[in-house]
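Here are a few notes to read alongside the structure.

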Amino acid sequence: MTAAPSGGSRPSTAPLMAMATGFWMFKTLAAAVDLALFTRLGGGRGATADELAAELGLKERPADLLLTACTALGLLDKSGPHYRNSALSEEFLVEGRDAYFGGVVRFNDRAYPAWHRLTDALRADRPLTWDPDTQESLFSSGDPAFTELFWNGMHSLSAETARILGEEHDFAAHRRLLDVGGGSGAFLVELCRRHPHLTGTLYDLPHVCEVARRRIDAAGLGDRITTLRGDFGRDAALPGGHDAILLSMVLHDWAEAENRALLRKCHEALAPGGALLVCELLLNPERTGPPGAALMGVNMLVETGAGRNYAEDEYLSWIREAGFTGAEIRRFDAASANGVIVARRR
Ligand SMILES: C[S@@+](CC[C@H](N)C(=O)[O-])C[C@H]1O[C@@H](n2cnc3c(N)ncnc32)[C@H](O)[C@@H]1O
């Protein structure tokens, strides 16, 4: 065996080890969420390893390994023999809370077996979570279990982004917001709660409107948020009468030609002087990062027929081509977006 060269020139294997074992971290979190560990410890409750093992139906060894790993990952705090939720788990992993993030964990766990076959997707340029020979798109399955899992996951993901968007963009100037492909209603619910003068329309596929309707009614906003069943690929026009249009995590699902057509429809539907907001994980113009946007792009290979995470300058050129002016990017850091592009219809 050749000896390793001495001196400081050789890079460490540490980043490779972190990548090679990234799934250990994810699956530990997913198993703990699956077992409702953090929900059981919600509200500041402390419990010993034996107590938790009994509650979770686990033997001593696996319970000890799980609790030790969760503590090491910052998901639990340990004091003496007692385990408690860390501030992170207490805020985001207790089911039933507004900011519950466990839906994202379950949502990604759904895609985990598909990611196991990523090399196949790279070779075939085909999605892995659904079959394009029998289904129109990722979103078109009417299966109630999938609908529940997918849009609950999207809601967990988008609730935080919606809150941050509400802080970054001044919605005080808008009166009627159209959320195109609005999903569970996370954005409209958050933004209408924040701005009592705002009303909105959520435009999405019929089965998704049903999910959104339940969430909107549960938030007590049924009189201010309308759901409108539609298909932006097939409908000749988007609904009119709005002075702001939001596209959040919609454009990264589709190919360039479809996105340019959708942006033209947004331009036609928007009131003069109205604003377009495009919220996405944007790649930089050099396409060297950031990693969150680049890896979301790979996720689009696994989950969609033609989607990808695009670079900010690509979005800007399509937005200008559709007729919008004054496009600018405001950066922020959220789970499902690292910025919003805001542009105006003249
Ligand atoms: C990735 S999700 C984003 C949901 C939401 N905007 C958010 O950020 O939470 C994409 C959304 O586009 C919707 N969608 C897909 N195809 C559509 C179509 N042809 N017409 C209307 N909505 C569509 C999906 O149902 C889904 O809710």
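1. Rings of Phe, Tyr and Trp (its six-membered ring) pair if their centres lie within 6.5 Å; planes under 30 degrees apart are stacked, over 60 edge-to-face, and the rest tilted. With that rule, ring pairs join Phe 107, Phe 139, Phe 146, Phe 150, Trp 151, Phe 232 and Trp 254 into a cluster.

2. A word on the source: this is a predicted model, where local features need pLDDT of at least 70 and side-chain atom pairs count only at pLDDT 80 or more, while totals for chains, interfaces and linings use all residues. Residues are numbered from 1 along each chain as its sequence is written, and side-chain values use heavy atoms, leaving out hydrogens and water.

3. The count comes to 13 aromatic pairs. Take Phe 139 and Trp 151: this pair is tilted, 6.5 Å centre to centre with 55 degrees between the planes. Trp 151 is buried at 3% relative accessible area (buried means under 20%, exposed over 50%, partly exposed in between; 1.4 Å probe, protein chains only). Phe 139 is buried too, at 15%.

4. How do Phe 232 and Trp 254 pair, and at what angle are their planes? The planes are at 85 degrees and the centres 6.1 Å apart, so the pair is edge-to-face. Trp 254 is partly exposed, at 21% relative accessibility.

5. Now the ligand. An N or O atom in the side chain of Ser 158 is 2.5 Å from a ligand oxygen, and one in the side chain of Asp 204 is 2.7 Å from a ligand oxygen. For Gly 181, a backbone N or O atom lies 2.8 Å from a ligand nitrogen.

Definitions and conventions. Polar contact = N/O pair within 3.5 Å; in protein donor to acceptor, adjacent residues only side chain to side chain.
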